[in-house]
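Student: I would like a close look at a single part of this protein, followed by a description of the whole into which that part is set. Please state the cut-offs as you go.

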Amino acid sequence: MTTKELISDISAASGISKAEVAKLVDATTGLLANIVLEGTPVHIQDFGDFSLKDKRERVTVHPMTGERTLTPAKRQITFKQTPSLKNDIKSI
C-alpha cells in the first residue's frame, strides 16, 4: 500500500478530506521518526513497537568470491509486532 492509498482509505473511512488526512499522516510519521531517532521507543497499542537498534560491526563474506569485508557499525529502526497482531497474521 502506498501513502496515497493509505490517505484515500483513511479519508473514506473517517469522512475527513484527503488534504487534512495527508497533513495528519505527514505529521504522525515525522513525529514518530523524530522520537525514535532520539532513542525513545514508540509503542502503538495492538500494533507494535518501533525502536532504534545499534548493530555492531561485523565481517561479511562475498558468496561468489569468498572475499571478506568489514561491514561498519550502524543504527537502524526496528519494528516488533504485538502478540495480538501476530495472532491476527497467523489466522489469515
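In which loop does Gln45 lie?

Tutor: Gln45 lies in the loop between strand 1 (42-44) and strand 2 (48-55), where strands (E, at least two residues) and helices (H or I, at least four residues) are DSSP runs numbered from the N terminus. Before going further, please keep in mind that this is a predicted model, in which local features need pLDDT of at least 70 and side-chain atom pairs count only at pLDDT 80 or more, while totals for chains, interfaces and linings use all residues. Residues are numbered from 1 along each chain as its sequence is written, and side-chain values use heavy atoms, with hydrogens and water left out.

Gln45 counts as exposed because its relative accessibility is 63%; exposed means over 50% relative accessible area, buried under 20%, and partly exposed in between, with a 1.4 Å probe and protein chains only. From Gln45 to Met64 there are 19 residues in sequence, and their C-alpha atoms are 44 Å apart in space.

Of the 92 residues, 10% count as buried.

As for the order of the elements, the protein has three helices and five strands, which run α-α-β-β-β-β-β-α from the N terminus on. Helix 1, residues 3-14, has 12 residues and reaches 16 Å from its first C-alpha to its last, close to the 16 Å expected at 1.5 Å a residue, the expected span being 1.5 Å times one less than the number of residues. Just after helix 1, Gly15 takes a positive phi of about 80°.

Among the strands, strand 4 (residues 68-71) is the place of Thr71. The C-alpha atoms of Thr71 and Val59 are separated by 5.9 Å, although these residues are 12 apart along the chain. Leaving aside residues up to four places away in sequence, Thr71 touches Glu57, Arg58 and Thr60, a contact meaning heavy atoms within 4.5 Å. Over the protein, 33% of the contacts between residues at least 6 apart in sequence join residues at least 24 apart.
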